[in-house]
Amino acid sequence: GRVFIAPVNMNDGDIKIKVTDLNGRTLLEETHKLNGGITDIGMEEARNGIYFVQIINTQTGEMLVKKLILQK
């Protein structure tokens, strides 16, 4: 399904989201608009497991990396 992303203390604007698996393979790389501090990504094709979500604010260069544990 869809995974909601709400990076704490990140300013609204365009963000780049990159999702990788534990082997470093990129599953998803998209640009989204952060609106009210939240956006969502589609993880329908991903299997259960652990992923890393890298979030970059394209205006400020702010970057976060979070671990995502997917259990459907």
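Which pattern does the chain follow when read along the sequence? The answer is β-β-β-β-β-β. Strands here are DSSP runs of at least two residues, labelled E, while helices, H or I, need at least four, and the numbering starts from the N terminus.

Hello everyone, and a quick word on the ground rules. This is a predicted model, in which local features need pLDDT of at least 70 and side-chain atom pairs count only at pLDDT 80 or more, while totals for chains, interfaces and linings use all residues. Residues are numbered from 1 along each chain as its sequence is written, and side-chain values use heavy atoms, with hydrogens and water left out.

Let's begin with the overall form. Along its principal axes, the C-alpha trace spans about 30 × 20 × 20 Å. The chain has a radius of gyration of 12 Å, which agrees with the value near 11 Å that a compact globule of 72 residues would have. That radius is taken over C-alpha atoms, and the globule rule is 2.2 Å times the number of residues to the power 0.38. Of the 72 residues, 35% count as buried. Buried means under 20% relative accessible area, exposed means over 50%, and partly exposed lies in between, using a 1.4 Å probe and protein chains only.

Now for the sheet. Four strands form an open sheet in the order E3-E2-E5-E6, with antiparallel pairing. Its edge strands are E3, residues 26-34, and E6, and each of them pairs on one side only. Neighbouring strands of this sheet are turned by 20° against each other on average, direction ignored. For that angle, axes are lines fitted to C-alpha atoms, for helices over the stretch in contact, and angles run from 0 to 180 degrees between N-to-C directions.

Look at one of these pairs with me. Strand E2, residues 13-21, runs antiparallel to E3, and eight bridges join them. Two strands count as paired if DSSP finds at least two bridges between them. As an example, Thr-20 has Thr-26 in E3 as its bridge partner.

Asp-14 and Lys-33 form a salt bridge, with their closest N and O atoms 2.8 Å apart. Asp-14 sits in E2 and Lys-33 in E3, so to speak distant parts of the chain, 19 residues apart. Asp-14 is partly exposed at 25% relative accessibility, whereas Lys-33 is exposed at 56%. A salt bridge here means a side-chain nitrogen of Lys or Arg within 4 Å of a carboxyl oxygen of Asp or Glu.

How many salt bridges does the structure hold? There are five. Which residues are linked with Arg-2 in a network of them? Asp-40 and Glu-44 are. The Arg-2 and Asp-40 side chains meet at 2.6 Å, N to O. Because Arg-2 lies in strand E1 and Asp-40 in strand E4, residues 39-42, this pair ties together parts that are 38 residues apart in sequence. Glu-44 meets Arg-2 at 3.7 Å, N to O. As for accessibility, Arg-2 is partly exposed at 46%, Asp-40 is partly exposed at 22%, and Glu-44 is partly exposed at 43%.

Next, please turn to the surface. Leu-22, Ile-50, Phe-52, Met-63, Val-65 and Ile-69 form a nonpolar patch there, with about 560 Å² of accessible area together. Strands E5, residues 49-57, and E6, residues 63-70, each give two or more residues to this patch. The largest share, three residues, comes from E6. Ile-50 is in E5, and this residue is partly exposed at 36% relative accessibility. Patches are built from residues with over 30% relative accessible area and no salt bridge, joining like charges within 9 Å and nonpolar side chains (Val, Leu, Ile, Met, Phe, Trp, Tyr) within 5 Å. The areas come from the Shrake-Rupley method with a 1.4 Å probe, and for residues only the protein chains shown count as cover.

Finally, two loops. Asn-9 is in the loop between strand E1, residues 2-5, and E2. Its phi is near 65°, a positive value in a residue other than glycine, and Asn-9 is exposed at 71% relative accessibility. Gly-36 lies in the loop between E3 and E4 and is exposed at 65%. From Gly-36 to Lys-18 there are 18 residues in sequence and 20 Å in space, C-alpha to C-alpha.
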